[in-house]
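This report describes one protein model, from a local turn to the whole chain. Please view the sequence and the structure below before reading on.

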Amino acid sequence: MENKRGVRAIITLLLGALAVCGTVAFAIRATPLEKPDVLADISFAGTFSTTDTRYVQISLEWLRDYLPEWSAYVATAKPLIFARDEDLQTRGIVSYAECCYTRGAGAITFGAPLGKWNLYEMPAIPGMQTQQVQFLSVLVHEVTHIRDVRAGRISQPANSRNCVAAEQSARTQELEFVRALTRVPIASNAGARANYRDIVDQQLEIVSENLDDPAWKIACILIYIDEDMP
Ligand SMILES: [Zn+2]
């Protein structure tokens, strides 16, 4: 009896251990892969509010979850510094990028508070702030400038020819990105999906027109008119 009870106790113990191991193994398998921290290697200048920072985080998490290849595209431009300069708004500038003066980081400066851009009226989408489409689109544009400089694709000096080449590249990538946005099947109700389509289609139209618009080429020539003089 003693022995039998002992054996039963051991078997119970073994089964218990198996159950524990099984649970542990299952738990390990069931735990989703550690999601990358989207804010890693991004620093925020003092001009950036906590609301702006949160906005970047939410937007980059959306990108990571829905368009991982474009999330990786942004990540390869790191380290990044995000800043804000209110004065840009009065000059009609949404944002600009610089590379790479401070600790080798690419710096992106925005004018208006993030999430408060008023470029055009857009409906609301549950689970996503509508202006994130514009923000991410602009972000991909600026990140392209940084990536191009790092990779030596855009040569110095700063002159109109290099300005046109840089803008052509950034606008082309931005268009590719917005095309990718139109293919994202957002998991929500039919109304939200229709709103989303409406917004990304509008953005697609704007970004396509921007690429073809000669205005930015003219701007490049005007900005560098002194440097271009022999
Ligand atoms: Zn640009």
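## The β3–β4 hairpin

In the hairpin formed by β3 and β4, two residues lie between the strands, and R103 has a positive phi near 50 degrees. The two strands, β3 (residues 95-102) and β4 (residues 105-110), run antiparallel and are joined by five bridges. T102 has A105 in β4 as its bridge partner. Strands count as paired if DSSP finds at least two bridges between them.

## Basis of the model

The model is predicted: local features need pLDDT of at least 70, side-chain atom pairs count only at pLDDT 80 or more, and totals for chains, interfaces and linings use all residues. Residue numbers start from 1 along each chain as its sequence is written.

## Helix α2

Helix α2 (residues 50-66) has 17 residues and should span 24 Å at 1.5 Å a residue, which agrees with the 24 Å between its end C-alpha atoms. The expected span is 1.5 Å times one less than the number of residues.

Buried residues in α2 are D52, Y55, V56, S59, L60, W62 and L63. They fall within an arc of 150 degrees seen down the axis, so they line one face of the helix; the arc is taken from the directions from the helix axis to the C-beta atoms. On the other side, T50, T51 and R54 are exposed. A residue is buried if 20 or more other C-beta atoms, placed from the backbone, lie within 10 Å of its own, exposed if 12 or fewer, and partly exposed in between. The buried residues of α2 pack against α3 (68-75), β2 (80-84) and α5 (131-150).

## The whole protein

The protein has nine helices and four strands. These are DSSP runs numbered from the N terminus: helices are H or I of at least four residues, strands E of at least two. Of its 230 residues, 27% count as buried.

Among contacts between residues at least 6 apart in sequence, 72% join residues at least 24 apart. A contact requires C-beta atoms, placed from the backbone, within 7 Å.

Methods:
Contact = placed C-beta atoms within 7 Å.
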